[in-house]
Amino acid sequence: MRLQSILRQVQPVPGFVYGRVDLRPTRAGPQLEVQVRPRAGARAICSGCGKKRRGYDTLRPRRFEFVPLWGMVVFLLYTMRRVDCPRCGVVVEMLPWATGKSPMTHAYTWFLASWAKLLSWQETARRFRTSWDAVFRAVEHAVQWGLEHRNLDGIQSIGVDELSWKKRHKYLTLVYQLDHGCRRLLHIAQDRRARSFHSFFDMLGEERTKAIRVVASDMWKAFLNVVRARCGGALHVLDRFHVMQLMNKAIDKTRREEVRSLRAAGRRPYLTKTRWLLLKRSKNLKRTERGRLRELVQSNLRTVRAYLLKEQFQKLWRYRSLASATRFLEDWTRQAMRSRIEPLKTFARTLRKHRYELQSWFMARSAFAAGATEGFNNKARITTKKAYGFRTYKHAEIALYHALGNLPEPPWLTHRFC
Ligand SMILES: [Zn+2]
């Protein structure tokens, strides 16, 4: 079987034929070059209107990078024609394998983009002997195409989250779809202001916003107000993930303060290096960790009391009935208020202030993917960390949509190269 026949199957080029194939040695290794020419008698297609038109002249030969084969870089070589179009004037022809300006074939663009989902952009570039910029452009193209062609109808549950990015105190607002059967990143905005969240509803449009039934968020005030303004009819729930995040922050604050006061009193600060011990769920602890925890518990420190209250608090999420959950919550906040542990008291006050949104969680829990935000948050964190080449917000945005957006791909990709 000739290479041309294989190419015709994996990458058909109607109106064109594959010609000579050359193996050319280069400094970076051997390189395959495949000539492409118009089929005899086939007229060129105008890139302006898509109609077959009379030829005008030809330009200089160009190279279009194709999917690598057996570790070799592959190029399609083609001399582009210009057409004389009565409607568009003298314009360059349309090609089935690439857009006129790009030095990459569609096949190679989507090939790189799909690898960039598995590897970092740097690794992808190295693997396929191309540049970081080429990988970025491929991913950017895939994301743009996906955003233009995705379907945003029928969204019923959304969740909003924030991600600290780059330096400290720089945030991104991320909006997810949290429906059973369809979870994906829908929107990214800079900062975590009301304006950032508003931009999501502007993008979605009024009709689709009206169809939203559940909005899950944290207690960030700017977001709370936006939900009220834009989604008044939806059930607003506090995300379990965010509640536990806040709880963990309270525990950690208690621990740090206590370490400081133990040191000040000249006592052994035996709470250092126990942070993860106290933040982990007890069922996930290893044997040795359990032993250390038991030791700690006997010491009757404030941190340990806070930890025990946290463990007790976990029970909340197991309640199926709203009435029992409410009763439990009242008992628990009362205990926390009596604990004389300031960070925990603040936490309890916050819970009281948001009791309706907390109760709503129990009403809505089966209607949406209540646990999904945590997974998304982890994946978003890994994505921004993995692509250490992020220089700008734009890079981070493209990478996040690519990794979490569940974006569609063109149905006309005739062959999956990877
Ligand atoms: Zn035209």
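Into which domains is the protein chain divided? The assignment gives domain 1 (1–100), domain 2 (157–238 + 372–404) and domain 3 (240–364). These bounds come from an automatic or database domain assignment. The model is predicted: local features need pLDDT of at least 70, side-chain atom pairs count only at pLDDT 80 or more, and totals for chains, interfaces and linings use all residues. Residues are numbered from 1 along each chain as its sequence is written.

The C-alpha centres of domain 2 and domain 3 are 27 Å apart. Contact between them joins 10 residues of domain 2 to 11 residues of domain 3; two residues are in contact if their C-beta atoms, placed from the backbone, lie within 7 Å. On the domain 2 side, β11 (235–238) and α15 (372–386) each supply at least two residues. The largest share, 4 residues, comes from β11. Helices (H or I, at least four residues) and strands (E, at least two) are DSSP runs, numbered from the N terminus. By class, this side of domain 2 holds 5 nonpolar, 3 polar and 2 charged residues. Ala, Val, Leu, Ile, Met, Phe, Trp, Tyr, Cys and Pro count as nonpolar, Asp, Glu, Lys and Arg as charged, and the others, Gly among them, as polar.

Helix α5 (residues 194–204) packs against helix α7 (residues 221–230) at about 35°, with the axes 8 Å apart. Axes are lines fitted to C-alpha atoms, for helices over the stretch in contact, and angles run from 0 to 180 degrees between N-to-C directions. From α5, the contact uses A194, F197, H198 and F201. From α7, A222, F223, N225, V226 and R230 take part. These residues comprise 6 nonpolar, 2 polar and 1 charged.
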